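Okay, thanks for coming, everyone. Let me put the structure up and then walk you through it.

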Amino acid sequence: MQRGANSKTDPTLLKTLKSSFGFTAFRPNQEQIITAFLAGRDVFAALPTGGGKSLCYQFPALIRPGLTVVVSPLIALMKDQVDAARENGLAAAYLNSSLNPDAAREVRAQLSAGAIKLLYVSPERLAAPEFRAALRSYGAGAFAVDEAHCVSEWGHEFRPDYRTLLNLRTEFPQAPIAAFTATATQEVQRDIVTQLGLHDPVVVRASFDRPELLYRVARKHSPAEQVLQFVCERPGDPGIVYRSTRKSSEQTAEILRRHGVSALAYHAGLDDELRNRVQEAFVRDEVQVVVATIAFGMGIDKSNVRWILHGDLPRSLEGYYQETGRAGRDGEPADALLLWGPQDIAIIRRHIAHMTVEAERAGAEKRLREVLAYVGSGVCRRQLLLAHFNEEHSGNCGGCDVCNGEVDTEDLTVPAQKLLSAAARTGEVFGAHHLVDVVTGAVTERVLERGHDKLPTFGVGSDHDRSWWLSLAQDLEAAAYLTRRIGTNGRPAGLQLSPQARRLMRGNERFVSARRRPSAAGADGALSAARHAPAGSQVARTEQHSAERLANAGAAAAPTLHRADQAALFQCLRSVRKRVAAERGVPPYVVFSDKSLKVMAMNRPSTPAAFLRCHGVGERKLESYGAHFLAAIQSFLASGECAER
Ligand code: ADP
Ligand code: ZN
């Protein structure tokens, strides 16, 4: 991401950005969107999650005379968004079905009095002609449509109510409409422009690269332990574990709790109220980990999620991208680890086999192949993810296990041919274990019984051990050379060769695979790699943010605290944030982002002026929170301890 190219930025805009939002520079594309929207142009903006969409309509709403209306389907989020806007001194309110009649009447009164600058509404509201008439009388002069892909049947979240938004263009001919989405395909873009009737819109497509995310993939050998170890290496860091079933999400949460980690499960089997409570607890930093099936995270606006761990193979790269995108929205480094094993492939394949609509099945197959290429190919993860959004990325990304040298690639054509040949010669009805017995020359009962010790492939692979061959079998399955045959009883009935495998056996194709370096930790050493890697990679990634960081740190360089102390002060400020947020009834990230707290821990401001120079501190936040945080910093520096408990 390019930042800091603000030489052309209008100084009055920058002044407002600092005084109201506490930021010293626009993110890429923000200024272009804001300027166009303020100039009365329609806008189409595709920005990745965490790209800073809210600012793109909150900022103009602050400056523009009259009312700006934000359409959002995420009713559960409106209150938090309004709270956040108010924390920055923007007169914001919302109207949706969750509001009781008295509260709604109050909002309407304020609207009539012209006391509201930014109004969040649900699309159902706007579908009612009377409501649109009311908006005219309140002087609505601009519209922002959030989650605009909901207008498109191509998107995965089509909402019929969004189709009525076309009325806005005709009924408010003078009001500019800005559409925002994090779904980047061209079909969706075309649909949004047409369905909202955008007139000659300024089209802004941001890069979907998320440089703050570090992508890693590892083999799943004992998921419970792997998840536990990963979480324990990140004490206190909020994160989401995704599992594919209710049962595994319950179990994983239970194991984490047993080891003293605060964790809750979230899945479709829980009733609405409980689900809301889990979500709320997570947003408010009251629970560190949510172990969820895919339903979770959609409507979650929590910028300090530090990691996402997938405990099972995702079903599509798009889904994986969106799920991992929920971490690091504050732009601070965050980890995405994907654990997978061949049993995941079998489950997905079984699911696909049950699909009756041919097109649906073909689509699911294609998505699975893309996911398998992602986990198995030894190509930069970021490159593969971005390729999915038609975005090119080349060179070392410095933020994935492949680029960081944690993954070796090897030409395994010859051993692959040996294993495939064992499958072919034994009739394509055996599983990996038996095939490995054959190639390694293990004299088992079954081998003798079937006479497989007489095969030419028997013992040809004694140069590697069993686990090496088993993992090769997994790779071959991942890359779709071997497929699992499902018996009439629905159980696996051996590995079968694909047409691609036959090409490989004939020598018309090569098999290059990503292989983990062997390590003392056994299995494949993925976790030990995860533990040791950050040193080098983190530095590179941190560099990318240093421009913003330096710009926002502002203060004259104070002698740096010892890093451990800085970390302790950061933890202390986190506790202060949690208390203050609870007192005000808002989520902690609304008070300050992790980045703001880090900058505070680094700069250790002792005066209001120095506090104001920290990232994310505007005048309003100085006034609301300055005293709390300054006192905490002071006392930490005096005693070396956190007074907060
Ligand atoms: P999105 O809605 O696109 O996912 P948000 O609007 O929630 O993203 O913004 C993500 C985070 O980035 C928020 O914590 C926000 O305060 C922060 N942010 C937005 N714009 C800037 C900026 N110009 N400088 C620094 N941080 C920013
Ligand atoms: Zn990479």
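This is a predicted model: local features need pLDDT of at least 70, side-chain atom pairs count only at pLDDT 80 or more; totals for chains, interfaces and linings use all residues.

Residues are numbered from 1 along each chain as its sequence is written, chains are lettered from A and ligands numbered from 1 in the order in which they are written, and side-chain values use heavy atoms, with hydrogens and water left out.

Now some bookkeeping. The chain has 28 helices and 17 strands; these are DSSP runs, H or I of at least four residues for helices and E of at least two for strands, numbered from the N terminus. Of the 645 residues, 54% are buried, and buried here means under 20% relative accessible area with a 1.4 Å probe, protein chains only. Take contacts, meaning heavy atoms within 4.5 Å: among those between residues at least 6 apart in sequence, 72% join residues at least 24 apart.

Back to β8. That strand belongs to an open sheet of 6 strands, paired in parallel, in the order β8-β13-β12-β9-β11-β10. When I say two strands pair, I mean DSSP finds at least two bridges between them. β8 (213–219) and β10 (263–266) are the edge strands, each pairing on one side only. The twist in this sheet averages 15° from one strand to the next. Helix α13, residues 317–324, lies across β8, β9, β12 and β13, at about 145° to β12. For angles like that, axes are lines fitted to C-alpha atoms, for helices over the stretch in contact, and the range is 0 to 180 degrees between N-to-C directions.

Next, the other sheet. This open sheet has 7 strands with parallel pairing, ordered β3-β4-β2-β5-β6-β1-β7. At its edges are β3 (92–95) and β7 (202–205), each with a single partner strand, so one side of each has no neighbour in the sheet. On average, neighbouring strands here are turned by 20° against each other, direction ignored. Helix α7 (129–137) packs on this sheet, touching β2, β3, β4 and β5, and its direction makes about 125° with that of β5.

Which way do the β4 side chains point? Leu 118 and Tyr 120 go one way, Leu 119 and Val 121 the other, and all are buried. On the β2 side there are 4 bridges, in the parallel sense, with Val 70 opposite Tyr 120. β3 also pairs with β4 in parallel over 4 bridges, and there Leu 95 faces Val 121.

Last stop, the zinc ion, ligand 2. What holds it? The protein donors are the SG atoms of Cys 380, Cys 397, Cys 400 and Cys 403, lying 2.3 Å from the zinc. Donors are N, O and S atoms within 2.8 Å of the metal (3.2 Å for Na, K and Ca), and since water is not among the atoms, sites may look incomplete. In sequence the donor spacing is C-x16-C-x2-C-x2-C. Cys 380 lies in the loop between α15 and α16, and Cys 403 in the loop between α16 and β14, so the pair ties together parts 23 residues apart in sequence. Cys 380 and Cys 403 are both buried. And the geometry?

Conventions
Buried means under 20% relative accessible area, exposed over 50%, partly exposed in between (1.4 Å probe, protein chains only).
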